[in-house]
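Please read this report with the sequence and the model side by side. It takes helix packing, surface, salt bridges and backbone in turn.

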Amino acid sequence: SEHATGHLLYARFWQKFLFDKGIVPVDEFAKKLINQGMILGTSAFVYREEGTNRFISKSNIEGLKVQAIHSDVSFVNASDELDIEAFKNWRPEFQDAEFILENGVYKVGREVEKMSKSKYNVVNPDAICDEYGADALRLFEMFLGPLEQTKPWKTSGISGVSSFLKKLWRLYFEGDVFT
């Protein structure tokens, strides 16, 4: 909503300027602002013990003073296990960090937050389009919920939309031939 409001303010500035110059017939083109509700993403956190360069796996942080640090969600699998090498390569200041594991893996913490590049929880739409197609992505976004409400993003649901579109296609086409 903040992004859409910024665009609206910019457009209204130009509209009012052009109206004052007599170039456009109305001073206000927008009677109501309707924008997509906020999309929420699942963030991943690694936990660094305060004052050290040691990262403690999620289940072992109880009773310790730790700093939660966002990790790029692309380094975390569906079981919440961190790819430590990818994380170290991404953040060179942690190249020599020690990772305290649980059962041989580092488990991250999760939290649902506003989807944002600064929180490293953005899902790349290009990757989704490559795998499922742009139509499946558009339809999936429409099915997330009411337009103006906040909605959580769950990539797992897009496979059902993709299957629906394939079935719909097969209803009317045999290969690429319309039946």
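## Terms and basis

Helices (H or I, at least four residues) and strands (E, at least two) are DSSP runs, numbered from the N terminus. Axes are lines fitted to C-alpha atoms, for helices over the stretch in contact, and angles run from 0 to 180 degrees between N-to-C directions.

This is a predicted model: local features need pLDDT of at least 70, side-chain atom pairs count only at pLDDT 80 or more, and totals for chains, interfaces and linings use all residues. Residues are numbered from 1 along each chain as its sequence is written, and side-chain values use heavy atoms, with hydrogens and water left out.

## Helices H3 and H4

Helix H3 spans residues 125–132, and helix H4 spans residues 134–143. They pack at an angle of about 115°, and their axes lie 7 Å apart. On the H3 side, the meeting residues are Pro125, Ile128, Cys129 and Tyr132. On the H4 side they are Ala134, Ala136 and Leu137. Contact here means heavy atoms within 4.5 Å. Sorted by type, the residues of this contact are seven nonpolar, no polar and no charged. In this sorting, Ala, Val, Leu, Ile, Met, Phe, Trp, Tyr, Cys and Pro count as nonpolar, Asp, Glu, Lys and Arg as charged, and the others, Gly among them, as polar.

Which residues of H4 are buried? They are Ala136, Leu137, Leu139 and Phe140. Buried means under 20% relative accessible area, exposed over 50%, and partly exposed in between (1.4 Å probe, protein chains only). The cover over these H4 residues includes H3 and H5. Just after H4, Gly145 takes a positive phi of about 155°.

## A nonpolar surface patch

Phe164, Leu168, Leu171, Tyr172 and Phe178 make a nonpolar surface patch of about 560 Å². Patches are made of residues with over 30% relative accessible area and no salt bridge; like charges are joined within 9 Å, nonpolar side chains (Val, Leu, Ile, Met, Phe, Trp, Tyr) within 5 Å. Accessible areas come from the Shrake-Rupley method with a 1.4 Å probe; for residues, only the protein chains shown count as cover.

Helix H5 (residues 158–172) gives the largest share of the patch, four residues. Leu168 lies in H5. Leu168 counts as partly exposed because its relative accessibility is 37%.

## Salt bridges

Side chains of opposite charge can pair when their charged atoms come close. The structure holds nine salt bridges. A salt bridge is a side-chain nitrogen of Lys or Arg within 4 Å of a carboxyl oxygen of Asp or Glu. Lys16 pairs with Asp27, with the closest N and O atoms 3.5 Å apart. This pair links distant parts of the chain, eleven residues apart: Lys16 is in helix H1 (residues 2–20), Asp27 in the loop between H1 and strand S1 (39–49). Arg12, Lys16, Asp27 and Glu28 are linked in a salt-bridge network.

Glu113 and Lys119 form another salt bridge (3.8 Å, N to O). Glu113 is buried at 13% relative accessibility, whereas Lys119 is partly exposed at 23%. Asp135 and Arg138 also form one (3.0 Å, N to O). About one helical turn separates Asp135 and Arg138, because they are three residues apart in H4.

Asp80 has phi near 65°, a positive value in a residue other than glycine. Asp80 sits in the loop between strand S3 (66–71) and helix H2 (84–90). Asn103, also not a glycine, has a positive phi near 55°. Asn103 lies in the loop between strand S4 (98–100) and strand S5 (109–114). Asp80 is partly exposed at 24% relative accessible area, and Asn103 is exposed at 80%.
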